[in-house]
Amino acid sequence: MRVLKDLLRDGKFRFGFTVICILLFLAILSFFSPYDPTKWNIFPRDLPPSFQHILGTNSKGQDVFWEATFAIRNSLIISVIAALFSRIIAIIVGLVAGYLGGRVDRFLMSISDSFLILPLLPILILISSLIKGHLSLFSLGILLGIFGWPWDARLIRAQVLSLREREFTYTSILSGYSTINLVIKEYLPFVLPLVFSTVINNMGWSIGLEVTLSILGLSNLAIPTLGTTLHWAINYQAMLLGIWWWLLTPIVISVLLFISLYLLSVSISEYSDPRTRIQRIGIAKE
Amino acid sequence: MNFVRRYLIPRLISYFLVIFVGITIVFIVPRLSPIDPVQQMINTITTMGTYMDPQAIEKLTETLKDLYGLRGSLWQQYLNFLGRFIKGDFGPSFFRFPVPVSKLIADSLPWTVGLLSVSTFLSWLIGNILGGICGFFYQKKWARFLENTAMVIRPIPYYIFALILLLIFGYFLKILPIAGGFSIGTTPSFSLRFIADLVKYALLPLLSMMTLGIAVTLQSMRLIVQNILREDFIVFAKAGGVKNRTLLFKYVIRNAMLPQITGLALSMGQIFGGALITEIVFSYPGMGTLLYNAINTGDYNLIMGITAISIVGIATFILIIDLLYPLFDPRIRYR
């Protein structure tokens, strides 16, 4: 609780936290939606915003507001799956490479370097165009997770490399701890804060890729996400027809979501780095 | 000799390793999925309304298997795949049938390279200078304003940012063309008018890519500069009475640029993806638009070719930067 209070002193964190809370509320609201988001032509098409439909209706005959709540929920689900999955890979690779060192380390790091450098987008497009339409929320999350780990694996490895030289490592080895016990019980607690601070960044990254893939028509277009909502709006020429409420809703929501996720991650990593925390106090005092 | 052994050879090894890993991913991941691409293609054709008797389907399956390289054991497929890749042979394109994929890519490559190199170079330069100034004068109000602007722009994905610019300049203000690489009806030539036309059409894609690029470079530069400001040689230079201007450009920015070169190499893959996306939004006649057409027509060979070419292209670009790096950093040159 104290940590949260400290964090809330930062304007960046306050903004990000508020926006995320509002979006989460909207996402939860989708469970109480009176309509099925996959059904078409429930309402008259292209109605401008009014009391009955807060954000109007689209050319598919759906309510834009309720559609958006589902979109936020599904996009968040994808990003959480992707973030969790890539965290698992990153932790395993980072711990193994850092602790074992030597040849294993060089092998794992050269693979993660290759993943870092590779042009991700064409590869993702190739893969998802082959399995187009069969991508459920879960499998899209896993697919993004496969590519999201290398940078964080490097961070974790660097942390473990420095932990390995500390005295408690020798103490535990000499007192007969097994390697697995040592790594899980002694190292993991040091690594976890690092993992948490990268989760948010990774979520933003996966939502960005999801939006891009969906706009290109490469995900399952029947599931409403931020990306597929934009895809339909662009495909129906919402710009030319002047149905701005349909197009602007996903744009505004996703821009807010990206900015607030980014601000949250910046603020948290500033907080966890003592040097910048001191600087921040200095700025606040001026 | 020491330089070759300790610097050049490891770089070359990692160059080939990156290409190898990339091509292997491209080979393996589609085969891990439970979906059969041949069956998928046949389904697409039959749902389009074409009636086919079983014999024709049989024949088509065989041809598609040949095209996708799905014959023989997995190991044989892999060797065939590598062999074709080395020869640069990606087969014919489906959507413009007899034309080979390599020809289509060669036609659109110059547009992408032009857009990418101009925007990357300019945004890297401007971002570094602005970021250096921002980091140096970090207590000033305008510096913090610039920094906050960069912080808000940076997380927006390329597609959405380009879309917003398109809406503002193309639809509301109607001052810039919204699609294409040059006006319809003009023939490419070296006249002044054509070049002006080219610039006019490239302006929006460039603006969209550069704004995001500048925001990213500015932020990382500011962080590096703030760390450099704490170093002893800066403190001494200040105490010795070096002018602020000299201090900033000769001492701080020059030193901070080194890690930024590495940073550029690392983020090149992402910037390239952004260029593809930006081209799609503005229908710019480069590889991105070609890729988009390929996706819409289910042209597997073309997507494959573009992916392979971009892996090689990015890896080569990074290799070149790595090889040029000793020119900028004497510590590596004299090691």
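Predicted model: local features only at pLDDT ≥ 70, side-chain atom pairs only at ≥ 80, totals over all residues.
Biologist: Why is S206(A) called buried?

Modeller: The relative accessible area of S206(A) is 0%, and buried means under 20%; S206(A) is therefore classed as buried.

Biologist: Where is S206(A) found, and with which residues is S206(A) in contact, leaving aside its neighbours within four places in sequence?

Modeller: S206(A) is found in helix α9 of chain A, which covers residues 179-215. With those neighbours set aside, S206(A) is in contact with S79(A), A82(A) and L144(A). Contact here requires heavy atoms within 4.5 Å.

Biologist: Why is S283(B) called partly exposed?

Modeller: Its relative accessible area is 35%. Buried would need a value under 20% and exposed a value over 50%; since 35% lies in between, S283(B) is partly exposed.

Biologist: What is said of the phi of S283(B), and where is this residue found?

Modeller: S283(B) has a positive phi of about 45°, although this residue is not a glycine. S283(B) is found in the loop between α10 and α11 of chain B.

Biologist: How many helices and strands does chain B have?

Modeller: Chain B has 13 helices and zero strands. Read from the N terminus, its elements run α-α-α-α-α-α-α-α-α-α-α-α-α.

Biologist: How do you know that chain B touches chain A?

Modeller: Contact means heavy atoms within 4.5 Å, and 50 residues of chain B are in contact with 45 residues of chain A. The area buried between the two chains is about 4300 Å², with 80% of it given by carbon and sulfur atoms.

Biologist: How many salt bridges and polar contacts are counted between the chains?

Modeller: The count of salt bridges between chain B and chain A is zero. Two residue pairs are in polar contact, both at pLDDT 80 or more. Several helices of chain B each supply at least two residues of the side that touches chain A, among them α1 (2-32), α8 (192-228) and α12 (300-328). By class, that side of chain B has 36 nonpolar, 11 polar and three charged residues.

Methods: Residues numbered from 1 in each chain as written. Chains lettered and ligands numbered in written order. Heavy atoms only, no water. Buried area = accessible area lost by both parts, 1.4 Å probe. Salt bridge = Lys/Arg side-chain N within 4 Å of Asp/Glu carboxyl O. Polar contact = N/O pair within 3.5 Å; in protein donor to acceptor, adjacent residues only side chain to side chain. Nonpolar A, V, L, I, M, F, W, Y, C, P; charged D, E, K, R; others polar. Buried < 20%, exposed > 50% of the residue type's maximum accessible area, 1.4 Å probe, protein only.
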